[in-house]
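Trainee: Can we go through this one together? I have the sequence and the coordinates open.

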Amino acid sequence: MKQFGNIYLIAATSVIGGALFGFDISSMSAIISTTPYKCQFNQQGNNPETGQCQGPDDVVQGGITASMPGGSWLGALVSGVLTDMFGRKTSIQIGAIIWIIGSIIVCASQNIPMLIVGRIINGFSVGICSAQVPVYISELSPPSKRGRFIGMQQWAITWGIAIMFFICYGSHFINGAAAFRLPWGLQMIPAILLFFGLMVLPESPRWLAKHDRWEEAKAVLILVHGRGDPHSQLVAREMAEIKEVVDFERQNADVSFFELLRPNMINRTHIGLFTQIWSQLTGMNVMMYYISYIFTMTGSGDDVLLPSGIQFIINVVMTVPALIWLDRWGRRWPLLIGAFFMCLWLCINAGLFAVYSHPPAPHQFDTAAISMVISGKPAKAVIASTYLFVASYAPTWGPVSWTYPAELYPLRVRGKAVALATSANWAFNFALAYFVPPSFANITWKTYVLFAVFCFAMFWHTFFMFPETANKTLEEVAAIFEDDSPGSIKYIGIPAWKTHNDRSIVRLERNLASSEEKIGIEHSTSAKA
C-alpha cells in the first residue's frame, strides 16, 4: 500500500486521537444540564417543588464524569507495553477500535452503570491514543517543527471539544433520549477516520530501528524528512544518531517501568509526570467538564450552553499561536507565563465569589454543586476571568503538556515513560472530575483558591526543574540530563535555568549547513557503516 510522507498529513491524521478526548469532554459537559439526560439517569428522583427530573446527585455525577479518565489511566499504562510490541501506529489503531466499542455502549446506555462501563471503555481508548500519538509524532517530526506538530494534539482536543459541544447544543432541542444519544453515537466517526487514515501513513523510524528493521527505518526518514532524496543531510544525521543510540541501548536488557526510577532516570521521570500532573491541577479540564455549573452560578439563565460554548471557541483560537510559534518560544517560557496568568485569573474569581456571592435558595438548583449565586457586574467579571483563564491555558500548558514529555526520554524507555507520564494526567483527571462537584458543594469559592495555589507552585517548579528541549534532536535532549558535563548537577544534569532554545538546527533542516557540518555527517555515517 502506498504511504504518504507529508509530515503535516501525518500529524493531522494521528492527532484525531486527541479529538476523541475533546469529544468526550463536551459530550458530558454540554449534556449534564439538559432535561433528557436528567430524566434518563434520574438517580435523585423529581424535584419536590417543581416536579422536574433532578438527575444524578453531585457525587454520582462526579463518578460518571470521572469514569472516562479512570479508564484512560489504565489505557495509558497499558499503551507502553502495547506500543513496544506492535508499534506506535498499530497501537493507535487499536485505540480507535476500542473507542468505537465504547461509543456504542454509551450511546445505548439504559442506566448509570451501563453509562459508566461505556465511558471506562472510551477512556481506555483515549489513554492509549493520548500517550502514543505524541510519541508517534515526535519520532517522525523534524526537531525544529516538533513542538508545532505535537501541539496539534492539543488543537485537535480543542476542536473535538468545540465540534461536539455545538452538536450537543443543536441536539438539546430534540425531545427525548435522542438529545444525548445522537451526539454520543456520532462521536465514533473520528475513530473510524483515524483507523483508516493511519493505514496509509508510515511507522515510526525509531521503533523500526529498535526492532532491526533498518532499511524500513531509512526509507521512512527519506520519505518524511528527505523528501525522497536518499542523500539528504538531515536523513544522514538522524540515521547516524539513531544507530548510535540503538547500539548503545542494545548493551542493556529490555526496559521495564522500574528502569524509570533509577538514579540516572528519576529526574526525567519526575519532570514528565509533573508536566502532566500540573496540566490537570491548573483546573482547565474542570472548567471544561463543569462549565455549565459555573455559568449557572452567574445567573446566565436556563440556557447556559451558548455562553459556555464561547470558551470552547476561545480554546480553539488561542491554541493557534502555539502551533505557529511554540518552537520559536521554546517550552519553558510558555509554561511559566501560563502558570502566572492562570493563577491571577483564579485568584480574581475566588475573590469575586467570596465577596459578592450568596447561597442559593432551597431547591433552587438540581445539584448541590451549584452552591453559589452571583449577579450583576461581579457575575460578568467572573465570566470574563473564566474566558481569560482559558485564553491563558490554550497557548501554554495545553500544547506544551503534550509536547514536552515526548521529548524528554531516550528511545529505549520512551514508549513506557510517556505512557507513565500520561497515566499521571489521567489519574489526576479522574480525581479532579470526581472531586470538583463535592468541592463546589462543600468549600464553594475556596475551590478556586486551591487551584490558584497549584498554579503558584507549578510556576516555581517549572523555573527550577524543567529544562528547555525545543529545537534539539531527541538524542541531544537526552544529553541535557547527563551529569558528567561541566556545571551539571548529579542525577539532574544541566540546571534548567541554564538551558536555552537554540534554533541553529533549522539551518541544517533547510540544507544550509556549512561544508564542515556536511563532512562531519558523512564521516559519522561512514564510520557507523
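Predicted model: local features only at pLDDT ≥ 70, side-chain atom pairs only at ≥ 80, totals over all residues.

**Helices, core and loops**

Trainee: Is K218 buried or partly exposed?
Mentor: Partly exposed, because its relative accessibility is 35%. In sequence K218 and A236 are 18 residues apart, and their C-alpha atoms are 9.0 Å apart in space.

Trainee: Now the inside. How many residues has the largest nonpolar core?
Mentor: It has 134 residues. The ones with the most contacts inside it are F21, Y37, W184, L346, F389, W397 and Y448. Helix 7, residues 146-171, gives the most to this core, with eleven residues.

Trainee: Take Y37. What does Y37 touch?
Mentor: Leaving out residues up to four places away in sequence, Y37 touches M28, I31, I32, P56, Q61, I64, L115, F180 and W184. W184 is also one of the residues with the most contacts inside the core.

Trainee: Which residues of helix 21 are buried?
Mentor: T447, Y448, F451, A452, C455, M458, H461 and T462.

Trainee: And what span should helix 21 have?
Mentor: At 1.5 Å a residue, its 20 residues should span 28 Å, and the end C-alpha atoms are 29 Å apart, so the two agree.

Trainee: What about helix 13 against helix 21, at what angle do they cross?
Mentor: Roughly 150 degrees, with the axes coming within 10 Å. That angle makes helix 13 roughly antiparallel to helix 21. Helix 13 passes helix 21 in a left-handed crossing. N267, H270, I271, F274, W278 and L281 of helix 13 make the contact with F451, F454, A457, M458, H461 and M465 of helix 21.

Trainee: Staying with helix 13, is Q280 buried or exposed?
Mentor: Q280 lies in helix 13, residues 266-281, and is buried, because its relative accessible area is 3%. Not counting residues up to four places away in sequence, Q280 touches N285, N425, F428, N429 and L432.

Trainee: How do the axes of helix 19 and helix 20 cross?
Mentor: At roughly 150 degrees, coming within 8 Å. That makes helix 19, residues 397-408, roughly antiparallel to helix 20. Helix 19 passes helix 20 in a right-handed crossing.

Trainee: Another one from helix 20, then. What does A419 touch?
Mentor: A419, in helix 20, residues 411-443, touches A76, L77, S79, G80, A131 and Q132, again not counting residues up to four places away in sequence. A419 and S79 are 340 residues apart along the chain, while their C-alpha atoms are separated by 6.2 Å. A419 counts as buried because its relative accessibility is 0%.

Trainee: Loops next. What is phi of H363?
Mentor: Near 60 degrees, a positive value in a residue other than glycine. H363 is in the loop between helix 17 and helix 18. H363 counts as partly exposed because its relative accessibility is 41%.

Trainee: And T444, what phi does it have?
Mentor: About 45 degrees, positive although T444 is not a glycine. T444 is found in the loop between helix 20 and helix 21.

Trainee: Why is T444 buried?
Mentor: T444 has a relative accessible area of 19%, and buried means under 20%.

Trainee: Last one: how far does helix 5 reach?
Mentor: Helix 5, residues 88-107, reaches 29 Å from its first C-alpha to its last, close to the 28 Å expected. Its buried residues include R88, K89, W99 and V106.

Technical notes:
Residues numbered from 1 in each chain as written. Heavy atoms only, no water. Helix = DSSP H or I, 4+ residues; strand = E, 2+ residues; numbered from the N terminus. Expected span 1.5 Å × (residues − 1). Buried < 20%, exposed > 50% of the residue type's maximum accessible area, 1.4 Å probe, protein only. Core = buried A, V, L, I, M, F, W, Y, C linked by side-chain atoms within 4.5 Å. Contact = heavy atoms within 4.5 Å. Axes fitted to C-alpha atoms, helices over the stretch in contact; angles between N-to-C directions. Parallel < 35°, antiparallel > 145°, perpendicular 65-115°, else oblique. Left-handed = near helix turned anticlockwise from the far one by under 90°.
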